[in-house]
Amino acid sequence: MSYDRTIRLGGDFDTTVTAVREALADQGFGVLTEIDVRATLKAKLGHDMEDYLILSACNPPLARRALEADRSIGLLLPCNVVVRRDGDTTLVQALDPGTMVTLTGLPALEGVAADATARLDAALRSLS
């Protein structure tokens, strides 16, 4: 089962992160939190790795609809978006919102997942 929506870009990491934030905002997503995995693993474990940032994106109207359908869906929210270096390119990966429906089996989440997928796909397309 594929659970990601991924694009590969030729731009540098910092420029891509800025573009991802703008693309998400254009689709109604705000970034609630961010985790700099590279910095965290370096500080906590002395481990060196490539640039790797997790952005926790939230579209409040979609989150509300999902929570109305299933209060436990908060376990799968917000929509995580990863920006990471992979060799000479930068990957942007978003969790496929359809995963919510697959994991829960709740038809009430299908509309929310479809809307979130359309918005995330539009954000990813705008980066190419």
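Reply: Here is a set of questions and answers about this model. It is a predicted model, in which local features need pLDDT of at least 70 and side-chain atom pairs count only at pLDDT 80 or more, while totals for chains, interfaces and linings use all residues. Residues are numbered from 1 along each chain as its sequence is written, and side-chain values use heavy atoms, with hydrogens and water left out.

Me: Why is Gln93 called buried?

Reply: Buried means under 20% relative accessible area, exposed means over 50%, and partly exposed lies in between (1.4 Å probe, protein chains only). Gln93 has a relative accessible area of 17%, so Gln93 counts as buried. Gln93 is found in strand 5; strands (E, at least two residues) and helices (H or I, at least four) are DSSP runs, numbered from the N terminus.

Me: Which residues does Gln93 touch, not counting those up to four places away in sequence?

Reply: They are Asp4, Arg5, Thr6, Asn80, Val81, Val82 and Arg84. A contact means heavy atoms within 4.5 Å.

Me: How many salt bridges does the rule give?

Reply: The count comes to nine. One of them joins Lys42 and Asp48, at 3.0 Å from N to O. Lys42 is partly exposed at 41% relative accessible area, whereas Asp48, at 56%, is exposed. There is also a network of salt bridges that links Arg5, Asp96 and Asp121.

Me: What separates Glu68 and Arg64 along helix 3?

Reply: Glu68 and Arg64 are four residues apart in helix 3, so about one helical turn separates them. An α-helix has 3.6 residues a turn, so residues three or four places apart point the same way. The side chains of Glu68 and Arg64 meet in a salt bridge of 3.0 Å, N to O, and both residues are exposed.

Me: How do you know that the buried residues of helix 3 line one face?

Reply: The buried residues of helix 3 are Leu62, Ala63 and Ala66. Seen down the axis of helix 3, they fall within an arc of 100°, so they line one face of the helix. That arc is taken from the directions from the helix axis to the C-beta atoms. These buried residues pack against strand 3 and helix 5. The face turned away from the buried side carries the exposed residues Pro60, Pro61, Arg64 and Glu68.

Me: What makes a space a cavity rather than a pocket?

Reply: On a 1 Å grid over the protein atoms alone, a cavity is a set of points where a 1.4 Å probe fits but cannot get out, while a pocket is an open set with protein on both sides within 12 Å along at least five of seven lines. Lining residues have an atom within 4 Å of a point. Grid points are joined across faces, edges and corners, and a volume is the space filled by probe spheres set on the points. By this rule there are three cavities of 30 Å³ or more. The largest cavity holds about 90 Å³ of space, and its lining includes Phe29, Leu62, Ala63 and Met100. Strand 3 (52-58), helix 3 (60-69) and helix 5 (110-127) are the elements that give two or more residues to that lining.

Me: How do the residues lining the largest cavity divide by class?

Reply: They divide into 11 nonpolar, one polar and no charged. Ala, Val, Leu, Ile, Met, Phe, Trp, Tyr, Cys and Pro count as nonpolar, Asp, Glu, Lys and Arg as charged, and the others, Gly among them, as polar.

Me: Which residues line the largest pocket?

Reply: Its lining is made by Tyr3, Asp4, Tyr52, Asn80, Val81, Val82, Gln93, Ala94 and Leu95. The volume of the largest pocket is about 160 Å³.

Methods:
A salt bridge is a side-chain nitrogen of Lys or Arg within 4 Å of a carboxyl oxygen of Asp or Glu.
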